[in-house]
Amino acid sequence: MPTEIERKFLVRDRSIVTGLAGVRMAQGYLADNGMVVRVRVAGDKGFLTLKGKTVGLSRAEFEYGIPLADAQALLADFASLGRIEKVRYYLPVNGLTFEIDVFEQELSGLVIAEVELPSEDHPVPQLAWLGDDVSHDPRYRNSELAVSRRIPV
């Protein structure tokens, strides 16, 4: 079973994305009944993702490319559990890739860095631009942000 092992951090210094090319994303949530079902439009690509319950830092994740028109229709017509918009930047560091999300609209001002790890005990580099570790705070899950439409305080 495909597994995602991820750490999530607030970004202390937002200038870290200066000069990087970003990908505009819109994502919406179709279902959450123990498994979150998400549709995403990322640039000119569409994706359908199913994510299981998080245990520690790990969870089952199944992601499939779908036609862009299908993703746009699902996002427009069926994202009843909320949606978010953001620009994602990719920053390689020491063999890992940090995905830095700069949120838009009601979540403007929120910047989160996620990094997928090969194991739960894999060390994350200490970087000056990384802020608090929010990996275990459910308020910072994209699915929760889509529902609340507020930056957690």
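Q: Which residues does K86 touch, not counting residues up to four places away in sequence?
A: Heads-up: this is a predicted model, so local features need pLDDT of at least 70, side-chain atom pairs count only at pLDDT 80 or more, and totals for chains, interfaces and linings use all residues. Numbering starts from 1 along each chain as its sequence is written, and side-chain values use heavy atoms, with hydrogens and water left out. With contact meaning heavy atoms within 4.5 Å, K86 touches V23, R24, M25, Q27, R40, D101, V102, F103, E104 and N142.

Q: Is K86 buried or exposed?
A: K86 is found in strand β6; strands (E, at least two residues) and helices (H or I, at least four) are DSSP runs numbered from the N terminus. The cut-offs are under 20% relative accessible area for buried and over 50% for exposed, with partly exposed in between (1.4 Å probe, protein chains only). K86 has a relative accessible area of 0%, so it counts as buried.

Q: Which side chain makes a polar contact with that of K86?
A: A polar contact is a pair of N or O atoms within 3.5 Å; within protein, one must be able to donate a hydrogen and the other to accept it, and residues adjacent in sequence count only if both atoms are side-chain atoms. K86 has such a contact at 3.0 Å, and the partner is D101.

Q: How much space lies in the largest pocket?
A: A pocket is found on a 1 Å grid over the protein atoms alone: it is an open set of points where a 1.4 Å probe fits, with protein on both sides within 12 Å along at least five of seven lines. Points are joined across faces, edges and corners, and the volume is the space filled by probe spheres set on them. For the largest pocket, that comes to about 520 Å³.

Q: Which residues are closest to the centre of the largest pocket?
A: Lining residues have an atom within 4 Å of a point, and 32 residues line this pocket. The ones closest to the centre are E4, E6, K51, R59 and E114.

Q: How many residues of the pocket lining are charged?
A: Asp, Glu, Lys and Arg count as charged; Ala, Val, Leu, Ile, Met, Phe, Trp, Tyr, Cys and Pro as nonpolar; and the others, Gly among them, as polar. On that basis the lining has 11 nonpolar and 6 polar residues, and its charged residues number 15.

Q: Which element gives the most residues to the lining of the largest pocket?
A: Elements giving two or more residues include β1 (3–11), β2 (22–32), β4 (45–51) and α2 (142–148). The most, 4 residues, comes from β3.

Q: What separates the C-alpha atoms of K51 and E4?
A: K51 lies in strand β4 and is buried, with a relative accessible area of 11%. Its side chain joins that of E4 in a polar contact of 3.3 Å. Though K51 and E4 are 47 residues apart along the chain, their C-alpha atoms are separated by 8.8 Å.

Q: Which side chain makes a polar contact with that of E114?
A: E114 is placed in strand β8 and is buried, at 5% relative accessible area. Residues that E114 touches include E6, R88, F98 and N142. At 3.3 Å, the polar partner is K8.

Q: Is Y29 buried or exposed?
A: Y29 is found in strand β2, where its contacts beyond four places in sequence include V36, F78, L81 and A146. Its relative accessibility is 4%, so Y29 counts as buried.

Q: What is the phi of N94?
A: Most residues other than glycine have a negative phi. N94 lies in the loop between β6 and β7 and is exposed, with a relative accessible area of 66%. N94 is not a glycine, yet its phi is positive, at about 50 degrees.
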